[in-house]
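What follows is a walk through one protein model, from its sheet to its side-chain contacts. Please keep the sequence and the structure in view while reading.

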Amino acid sequence: MRYDANGALIETAIPGIPLINRGKVRDVYDLGDALLFVATDRLSAFDVVLPTGIPDKGKVLTQISKFWFGFFSDVKNHLITDDVTTRPELAPYAKALAGRSMIVRKVSIFPIECIVRGY
């Protein structure tokens with residue numbers, strides 16, 4: 001794991017687990033039967049990732065996602081759990097991943113993006 005001077009998690013590294021994508025904010029790992037989404041504290045502006053992050057930004061983003069998955073619990077989604085301790089291979093990294101990670105089902109992607117600002 002790589003942190004900036006403010007303690008923001010900038011980059012994850014989980015040896016032995018394949019990193020399949022590093023986006024502007026999230027790092028995605030292949031767990032075999034599922035995926036691990038890790039929301040980092042990286043900050044991007046105009047599709048450029050800035051060198052410093054915002055501490056705990058990834059945790060806030062993950063908790064917002066969890067809220068909406070719970071709110072719309074009658075709609076099928078990809079979330080399996082946000083408890084990384086359910087996977088023994090993640091145990092050494094549980095402290096860094098807690099609150100900012102989701103274990104999700106592998107699904108076919110329907111490429112659409114929605115950005116919501118304000119209310």
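In this predicted model, 2 bridges join β8 to strand β9 (residues 101-104), and the two strands run antiparallel. Within this pairing, T81 stands opposite I103 in β9. Strands β8 and β9 belong to an open sheet of 5 strands, whose order is β3-β4-β5-β9-β8 and whose pairing is antiparallel. The strands at the edges are β3 (19-22) and β8 (79-81); each has a single partner strand, so one side of each has no neighbour in the sheet. From one strand to the next, the twist averages 30°.

A helix lies against this sheet. Helix α1 (residues 57-71) packs on the sheet and touches β4 (26-30), β5 (35-39), β8 and β9. The direction of helix α1 makes about 45° with that of β9.

Helix α1 also carries aromatic residues. The model has a count of 5 aromatic pairs. In one of them, the ring centres of W68 and F71 are 5.3 Å apart and the planes stand at 75°; an angle over 60 degrees counts as edge-to-face, so this pair is edge-to-face. Both residues lie in helix α1, 3 residues apart, which is about one turn of the helix. W68 is partly exposed, at 44% relative accessibility, whereas F71 is exposed, with a relative accessible area of 53%. W68 pairs with F72 as well: the ring centres are 5.8 Å apart and the planes are at 20°, so W68 and F72 are stacked. F72 is partly exposed, at 41% relative accessibility. Together with F67, the residues W68, F71 and F72 form one aromatic cluster.

Charged side chains make another set of contacts, with a count of 11 salt bridges. Which residue forms a salt bridge with E11 at 3.9 Å between the closest N and O atoms? That residue is R22.

D27 is buried, with 0% relative accessibility. A further salt bridge joins D27 to R42, at 2.7 Å from N to O. This pair links distant parts of the chain, with R42 in the loop between β5 and β6 (44-45) and D27 in strand β4, 15 residues apart. R42 and D27 are both buried. Through shared partners, salt bridges join R2, E11, R22, D27 and R42 into one network.

One glycine shows a contrast between separation in sequence and in space. G7 lies in the loop between β1 (2-3) and β2 (9-11). G7 and I54 are 47 residues apart in sequence, and their C-alpha atoms are 8.3 Å apart. G7 is partly exposed, with a relative accessible area of 40%.

Confidence comes last. The average pLDDT of the protein is 93, and 99% of the residues score at least 70.

Note on methods: Residues are numbered from 1 along each chain as its sequence is written. This is a predicted model: local features need pLDDT of at least 70, side-chain atom pairs count only at pLDDT 80 or more; totals for chains, interfaces and linings use all residues. Side-chain values use heavy atoms; hydrogens and water are left out. Two strands pair if DSSP finds at least two bridges between them. Helices (H or I, at least four residues) and strands (E, at least two) are DSSP runs, numbered from the N terminus. Axes are lines fitted to C-alpha atoms, for helices over the stretch in contact, and angles run from 0 to 180 degrees between N-to-C directions. Contact means heavy atoms within 4.5 Å. Rings of Phe, Tyr and Trp (its six-membered ring) pair if their centres lie within 6.5 Å; planes under 30 degrees apart count as stacked, over 60 as edge-to-face and the rest as tilted. Buried means under 20% relative accessible area, exposed over 50%, partly exposed in between (1.4 Å probe, protein chains only). pLDDT is the predictor's confidence in each residue, from 0 to 100. A salt bridge is a side-chain nitrogen of Lys or Arg within 4 Å of a carboxyl oxygen of Asp or Glu.
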